[in-house]
Amino acid sequence: METKKTSENLWRVWIDTTRRIVSFHEEQGCQMLEFRNREMFFRCVDQYTGMQYRYQ
């Protein structure tokens, strides 16, 4: 059985390294990171938390 990848299987964050912000919505001038694996998404979020980034 083949599993289709859809937008439901994607997790995205936008990173602003200058202002140290992680955004869960598209932000102009930020780098988008896209994850197809939930575990990798949460690991990334944890890393930015450890570096004291703010979330919006």
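Biologist: Between which two strands does the loop that holds Arg20 lie?

Modeller: This is a predicted model, in which local features need pLDDT of at least 70 and side-chain atom pairs count only at pLDDT 80 or more, whereas totals for chains, interfaces and linings use all residues. Residues are numbered from 1 along each chain as its sequence is written, and side-chain values use heavy atoms, with hydrogens and water left out. Helices (H or I, at least four residues) and strands (E, at least two) are DSSP runs numbered from the N terminus. In these terms, the loop that holds Arg20 lies between S1 and S2.

Biologist: Is Arg20 buried, partly exposed or exposed?

Modeller: Buried means under 20% relative accessible area and exposed over 50%, with partly exposed in between (1.4 Å probe, protein chains only). Since its relative accessibility is 36%, Arg20 counts as partly exposed.

Biologist: Where is Gln52 placed, and is Gln52 buried or exposed?

Modeller: Gln52 has a positive phi near 60° and is a residue other than glycine. Its place is in the loop between H1 and strand S4 (54-55). With a relative accessibility of 67%, Gln52 counts as exposed.

Biologist: How many salt bridges does the structure hold?

Modeller: Side chains of opposite charge can pair when their charged atoms come close. The criterion for a salt bridge is a side-chain nitrogen of Lys or Arg within 4 Å of a carboxyl oxygen of Asp or Glu. The number of salt bridges in the structure is 4.

Biologist: How far apart in sequence are the parts that Glu34 and Arg12 tie together?

Modeller: Glu34 and Arg12 form a salt bridge whose closest N and O atoms are 2.7 Å apart. Because Glu34 belongs to strand S3 (residues 31-35) and Arg12 to strand S1 (residues 11-16), the pair ties together parts whose separation in sequence is 22 residues.

Biologist: In which helix do Arg43 and Glu39 lie?

Modeller: These two residues form a salt bridge, with their closest N and O atoms 2.5 Å apart. Arg43 is partly exposed at 48% relative accessibility, and Glu39 is partly exposed at 47%. They are 4 residues apart, about one helical turn, in residues 38-50, which form helix H1.

Biologist: How many disulfides does the structure hold?

Modeller: A disulfide is a pair of cysteine sulfur atoms within 2.5 Å. Cys30 is buried at 16% relative accessibility, and Cys44 is buried at 8%. The number of disulfides in the structure is 0.
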